[in-house]
Amino acid sequence: MKERIKRWKIPVGMRTIKTALAVILALSVVEQYGASPSKVVFATIGAISAVAPTFTASLLACLTQICGVTIGVLLALLMMVLNVPDMVAVGIGIIVILTSYQYFHLKLVPVLPCLVLVNICLNPEVEAFAYSTGRIWDTAIGLTIGLLVNTLIFPYDNSRTIRQTMIGLDQDLILFLEDMFDGDTRLPETEALEGKIDALESQLVLFSEQRLLRRKRQKRVLQQLRSCEDTAQELLVELETLRNMEHLGCLNEENREALRALGAQVKQVCQVSPHTTEDTVVNYHVARVLKLRQELKENLTERKR
């Protein structure tokens, strides 16, 4: 029963709360200053569209919606000037709008421009210019309030998520080395590490697209995190080199003790013999991995401060 309840539990995130707040504020403002009978609908759509995961995405949503409404208005007016039949005008206009959204790879659903187009084309009693300016104004109210709420109230900051990803990367690194030198012939895979590094890159992109109030701190933190990502990429190269060695050499005592100090169980057993080329190569790369790991840890410690 507990597992079933947990499975059906729906978490309410901060973005959901901010969206609800943006809609409430937008409705309050548009009620007083709205310019059209359908002001509630357009303000609501605008507010919801503007609360995006990043500041860049929010700004793009605002520009897209305003431009979309404007395009819908212009298309409708053009069809009226050309005396195109109502249904034909709607069909042509929707094709143009949808094609434009696809061509420019816009992720927002083009509801607003299509609504404006249909209302102007199919309602002869609608005064086109007043209707158009009213729709743009009501949408702008929702978009502006949504953008302000998204930017000023608990702006999304995923730097902690990035740091946790790096900590998990460090743990996977130790397990990788432990599996590499556990004495059997099965070599570890690098897919898990590659997945974490890919996730790290995605999170860094999100962080760079934020507009946090403390911009200087954000730039400094982003530079540190990018440095950590570069170190992680170098680590991955070293680990892939180790895994692709045709003959795995023996660890020297220094690297063996360093791995044990990290909690790795080194079970590789080697005969006492002069160091071979494979031994030299493997110890060089292991030492390089340990050095890069230390750099990563130092960057994370500096970031935490």
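Visitor: Which helix has the lowest mean pLDDT among the elements of the protein chain, and which the highest?

Guide: This is a predicted model, and where pLDDT is low, the predicted coordinates should not be read in detail. Among the elements of the protein chain, helix α1, residues 2–8, has the lowest mean pLDDT, at 47, whereas helix α2, residues 14–33, has the highest, at 91. For the protein chain the average is 80, and 89% of the residues score at least 70.

Visitor: How does Thr161 count by relative accessibility?

Guide: Thr161 belongs to helix α8, and its relative accessibility of 37% lies between the cut-offs of 20% and 50%, so Thr161 counts as partly exposed. Although Thr161 and Leu200 are 39 residues apart along the chain, their C-alpha atoms are separated by 8.9 Å.

Visitor: Which residues have the most contacts inside the largest nonpolar core?

Guide: That core has 34 residues, and those with the most contacts inside it are Leu177, Phe181, Leu239, Leu242 and Leu259. Helices α8 (159–180), α9 (191–208), α10 (215–243) and α12 (277–304) each supply at least two residues of this core, and α10 gives the most, with nine residues. Apart from this core lies another, of 18 residues, among them Val69, Val116, Ile120 and Cys121.

Visitor: What is Phe181 in contact with, leaving aside its neighbours within four places in sequence?

Guide: With those neighbours set aside, the contacts of Phe181 include Leu248, Leu251, Leu259, Val282 and Val286, and also Gln265, Lys267 and Gln268.

Visitor: How far does helix α7 reach from its first C-alpha to its last?

Guide: Helix α7, residues 128–152, has 25 residues and reaches 36 Å between those two atoms, close to the 36 Å expected at 1.5 Å a residue. Following α7 comes Phe154, whose phi is positive, near 45°.

Visitor: How many aromatic pairs does the structure hold, and how should I read such a pair?

Guide: A pair of aromatic rings is described by the distance of the centres and the angle of the planes. The structure holds one aromatic pair: the rings of Tyr103 and Phe104 have their centres 5.0 Å apart and their planes at 90°, so the pair is edge-to-face. Tyr103 is exposed, with a relative accessible area of 63%, and Phe104, at 56% relative accessibility, counts as exposed too.

Terms used
Residues numbered from 1 in each chain as written. Predicted model: local features only at pLDDT ≥ 70, side-chain atom pairs only at ≥ 80, totals over all residues. Heavy atoms only, no water. Core = buried A, V, L, I, M, F, W, Y, C linked by side-chain atoms within 4.5 Å. Buried < 20%, exposed > 50% of the residue type's maximum accessible area, 1.4 Å probe, protein only. Helix = DSSP H or I, 4+ residues; strand = E, 2+ residues; numbered from the N terminus. Contact = heavy atoms within 4.5 Å. pLDDT = per-residue confidence, 0-100. Expected span 1.5 Å × (residues − 1). Phe/Tyr/Trp six-rings, centres within 6.5 Å; stacked < 30°, edge-to-face > 60°.
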